[in-house]
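Thank you all for coming.

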Amino acid sequence: MSIKENTALLENNCSYWQLTDEERALVNASAPDQDKWSFNMERRDDGMWQFSMPEYKTHNELLVGGTEQIMDDIYRSISEVKPDRFSTMEVTVSRVPLEEQTTTFTKLREDSKNPGSTYWLDEVTGKQAWLCPWLKLCWDPAPELMYIHCELTS
């Protein structure tokens with residue numbers, strides 16, 4: 001695919017999961033190889049946490065499979081209040097240790113029923129998290145450890 005076609009793909013209005021496998025591979029390839037990624041997380045009315053990275057076709061990507069509960073625990077430990085629909089955090093996820101870390105995720109295993117998905121252990125809460133194949137946009141293959149820092153923004 002040409003640079004022009006790739007640029008057009010990134011500019012169209014569909015989201016990451018609406019893209020074909022080939023288009024997702026192109027979006028993944030357009031992401032820089034960097035050690036850490038930062039994004040804003042917000043909690044929805046239904047208790048789910050979401051984030052967006054429009055430059056990578058990611059709009060309101062939900063955290064599921066236990067990850068949303070871990071984010072609730074992190075928010076509560078930082079703020080000492082239960083998160084609600086106005087709760088937001090700036091989250092940095094890194095494959096190298098950070099100066100300040102809120103928690104560390106240790107890779108447990110691949111999800112055999114959903115290729116590209118992985119199970120993780122949150123070292124602070126002891127809870128298990130499931131991350132979807134979107135993680136391939138950041139790192140492929142996924143690192144064995146992910147260092148996470150969260151800061152409240154509201």
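Let me begin with Tyr75, which counts as buried, because its relative accessibility is 5% and the cut-off for buried is under 20%. Please keep in mind throughout that what you see is a predicted model.

What does Tyr75 pair with? Its partner is Trp49, and the two rings form a tilted aromatic pair, with 6.1 Å from centre to centre and 45° between the planes. Trp49 belongs to strand 2, residues 49-53, whereas Tyr75 belongs to helix 3, residues 67-79, so this pair ties together parts that are 26 residues apart in sequence. Trp49 is buried as well, with a relative accessible area of 0%.

That pair is one of five aromatic pairs in the structure. Elsewhere, ring pairs link Phe39, Phe51 and Trp134 into a cluster. Strand 1, residues 36-43, and strand 2 run antiparallel and are joined by three bridges.

Stepping back to the sheet as a whole, we have an open sheet of eight strands, paired antiparallel, in the order 3-2-1-4-8-5-6-7. Which strands stand at the edges? They are strand 3, residues 58-63, and strand 7, residues 128-131, and each has a single partner strand, so one side of each is left without a neighbour in the sheet. On average, and ignoring direction, neighbouring strands of this sheet are turned by 35° against each other.

Helix 3, the helix that carries Tyr75, lies across strands 1 to 8 of this sheet, and runs at about 50° to strand 8, which spans residues 145-152.

Another residue of helix 3 that I would like to show you is Thr67, which is buried, with a relative accessible area of 4%. Thr67 touches Ala129, Trp130 and Leu131, if we leave aside residues up to four places away in sequence.

I am happy to take questions.

Conventions
Residues are numbered from 1 along each chain as its sequence is written. This is a predicted model: local features need pLDDT of at least 70, side-chain atom pairs count only at pLDDT 80 or more; totals for chains, interfaces and linings use all residues. Side-chain values use heavy atoms; hydrogens and water are left out. Rings of Phe, Tyr and Trp (its six-membered ring) pair if their centres lie within 6.5 Å; planes under 30 degrees apart count as stacked, over 60 as edge-to-face and the rest as tilted. Helices (H or I, at least four residues) and strands (E, at least two) are DSSP runs, numbered from the N terminus. Buried means under 20% relative accessible area, exposed over 50%, partly exposed in between (1.4 Å probe, protein chains only). Two strands pair if DSSP finds at least two bridges between them. Axes are lines fitted to C-alpha atoms, for helices over the stretch in contact, and angles run from 0 to 180 degrees between N-to-C directions. Contact means heavy atoms within 4.5 Å.
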